[in-house]
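Let's take a friendly walk through this model, looking at strands, charged partners and aromatic rings.

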Amino acid sequence: LGGAQVASRFGNLSVGSGLQAAVCARDRVRLCHLDGASEPVDVCVPLARTVLQARFVSLDCVEYLALASNAGLHLFSADGASLSGSLEIGKFPRHPNLNPAIAEACTTVEGVHGSSLLAAGTSQGQLAILHFDASRGRLSVEHSLDSQSGCNITALATSIAYVASGDEDGNIRVWDASNFSETSMFRFPGAPCSGMLVRGQELVAAFGTGQIRAYNIAHEHQLYEFDAHCRSLNAIALHATRQLLASVGEDGFLNVWELPKGDRGTVRLLSSS
């Protein structure tokens, strides 16, 4: 990206409701059917040199494929066949102290639950809340949140109540999803945040140190912490109803953990492969 490093090794896989998997592959995204029903399809982003993240998102109950890249944010139909809307990187909010050494890019994206809004992070530390007008095929900036003081946003998580962002310096900020006022902040200095999940008042975050931390959002305190991998964590996934967490790391392992409820109990490793 113009000699500057903003590409992330995190969040490069997303699975949609139609059993499609989207995998980032440099300047494009490959869509694969998990049941092998059809051949893989490549989705190319106009003017993009590097696609940093692919996410299936639901906007007003319709599923789309959102692609974050150095060119901005592009929203495709879930099958990747047609472009539904886009916002070029030059129209994203900029940090007031823009660092010319860092290439501008949209780095992360998540849908805001039950709405037509998207949360999109940038390499310059801005968090943009975007509105998608499906009738016009138009993406526009609804809110601009200075989330990480110029530091590359590497992870986003949303729930009905919250929007959270994490950066490469280990800072996590949480906003109220109803009015986008900041509610809490957590720090893990020097540990890039590689993934986050929010369930109720609990936020679970993975870091480049191989550690996982859980926080209580309302009370702004850490619940527990454990060493999940001996190298950087790439992604985490939480079971829909049970206290089970899957994690994958650069050590090549897939681990499944049983998490405690709140700050009581201990973390147990159930399987490792």
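## Sheet, salt bridges and rings

Four strands make an open sheet in the order β1-β2-β3-β4, with antiparallel pairing. Strands here are DSSP runs of E of at least two residues, numbered from the N terminus, and two strands pair if DSSP finds at least two bridges between them. This is a predicted model, in which local features need pLDDT of at least 70, side-chain atom pairs count only at pLDDT 80 or more, and totals for chains, interfaces and linings use all residues. Residues are numbered from 1 along each chain as its sequence is written, and side-chain values use heavy atoms, with hydrogens and water left out.

At the edges of the sheet sit β1 (13–15) and β4 (41–44), each pairing on one side only. Strand β3 (residues 28–33) pairs with β4 in the antiparallel sense over four bridges, and valine 29 stands opposite valine 43 in β4.

The charged side chains are worth a look too. There are ten salt bridges in the structure, each a side-chain nitrogen of Lys or Arg within 4 Å of a carboxyl oxygen of Asp or Glu.

| Salt bridge | Closest N to O |
|---|---|
| Glutamate 110 and arginine 55 | 2.9 Å |
| Arginine 94 and glutamate 104 | 3.1 Å |

Glutamate 110 lies in strand β9 (residues 106–111) and arginine 55 in strand β5 (residues 51–59), so this pair ties together parts 55 residues apart in sequence. Glutamate 110 is buried at 17% relative accessibility, and arginine 55 is buried at 16%; buried means under 20% relative accessible area, exposed over 50%, and partly exposed in between (1.4 Å probe, protein chains only). Arginine 30, at 40%, counts as partly exposed, as does aspartate 42 at 32%. Asp27, Arg28, Arg30 and Asp42 are linked in a network of salt bridges.

Now for the rings. The structure holds five aromatic pairs, where ring centres of Phe, Tyr and Trp (its six-membered ring) lie within 6.5 Å; planes under 30 degrees apart count as stacked, over 60 as edge-to-face and the rest as tilted. One of them joins phenylalanine 188 and phenylalanine 207 edge-to-face, at 4.8 Å centre to centre and 75 degrees between the planes. Both phenylalanine 188 and phenylalanine 207 are buried. Another pair, phenylalanine 226 with tryptophan 257, has centres 4.9 Å apart and planes at 55 degrees, so it is tilted. Tyr224, Phe226 and Trp257 form one aromatic cluster.
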